[in-house]
Amino acid sequence: TRDIYILENGEMAVVTKDEVNLMKFDGTPIEKEIYKVTWNIDEAQKGGYDHFMLKEIFEQPKALRDTLSPRLDESGKIKLDDIKLTKENIENINKVYIVACGTAYHAGLVGKALIEKYVNIPVLADIASEFRYNNPFIDEKTLMIVVSQSGETADTLAALRLAKEKGATTLAICNVIGSSISREADNVLYTHCGPEIGVASTKAFTGQLTALYLLVMDFAIKKGTVSEDKLAYLIKQMWDIPIKVTEC
């Protein structure tokens, strides 16, 4: 099926052969819209490759283009529809946390360097499983960026919830539409990499890097820390990356 109901904590479904009834644990009926899955079955098959990791290595150019192209208009301007942060919001941020696990954490380390270089805001990158035990300094001027391929990484989700409790603005970079992290974050920037089935991350990692570059360029142009000429040059370099990956 492509049609699903997404249940939040404290909700359940009673499923029979004729109908689905949604309710809270106390029996109170609830209404939900059906979410339609957009991935097709071909994306979840090996497509002639010996294994999924090899397939996903060769899917990287397409994944990069799919993440880039919806975010750049005909004039080359960055357009991040799901990011609601304005120039004033960005100028009010005095620190950024980037929190993730595993490979996504390494993407976050690159994001840290980019934000500090182009946006001039201090950034702390932390591993999600350690984050909430370190007594992080979070307030309403903090931006919390979480990175997760699945959007269901338990430690990353817990860190996101902690940041929200403390009043931070939250932003998720995620591959799975409708996942827990993407639903709970204030802002979300999706990578459009398709299903990742191979255990070692390939296209998901490069997709996360692409999303971070787009986010940083958006922040920099809004804050005025990068000129339009410099931005145009950087965007041109980004468009060249899928071609260079193909050549490799």
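User: What makes strand S7 and strand S8 count as paired in this predicted model?

Analyst: Two strands pair if at least two bridges are found between them. In S8, Thr169 is the bridge partner of Leu143.

User: Why are strand S6 and strand S9 said to stand at the edges of the sheet?

Analyst: The open sheet has five strands in the order S6-S5-S7-S8-S9, with parallel pairing. S6 (123-127) and S9 (187-190) each have a single partner strand, so one side of each is left without a neighbour in the sheet. Neighbouring strands are turned by 20° against each other on average, direction ignored.

User: How do you know that helix H4 packs on the sheet, and which strands does H4 touch?

Analyst: Contact requires heavy atoms within 4.5 Å. Helix H4 (residues 102-118) touches strand S5 (95-100), S6 and S7, and the direction of H4 makes about 175° with that of S6. Helix H6 (residues 154-165) lies across S5, S7 and S8, at about 165° to S7.

User: What makes a residue part of the lining of the second largest pocket, and which residues lie nearest its centre?

Analyst: A lining residue has an atom within 4 Å of a pocket point. This pocket is lined by 15 residues, of which Cys101, Thr103, Ala104, Gln149 and Glu196 lie nearest its centre. H4 gives the largest share of the lining, three residues. The lining divides into five nonpolar, nine polar and one charged.

Technical notes:
Residues numbered from 1 in each chain as written. Predicted model: local features only at pLDDT ≥ 70, side-chain atom pairs only at ≥ 80, totals over all residues. Heavy atoms only, no water. Helix = DSSP H or I, 4+ residues; strand = E, 2+ residues; numbered from the N terminus. Axes fitted to C-alpha atoms, helices over the stretch in contact; angles between N-to-C directions. 1 Å grid on protein atoms, 1.4 Å probe; cavity = no way out; pocket = protein on both sides within 12 Å on 5 of 7 lines; lining within 4 Å. Nonpolar A, V, L, I, M, F, W, Y, C, P; charged D, E, K, R; others polar.
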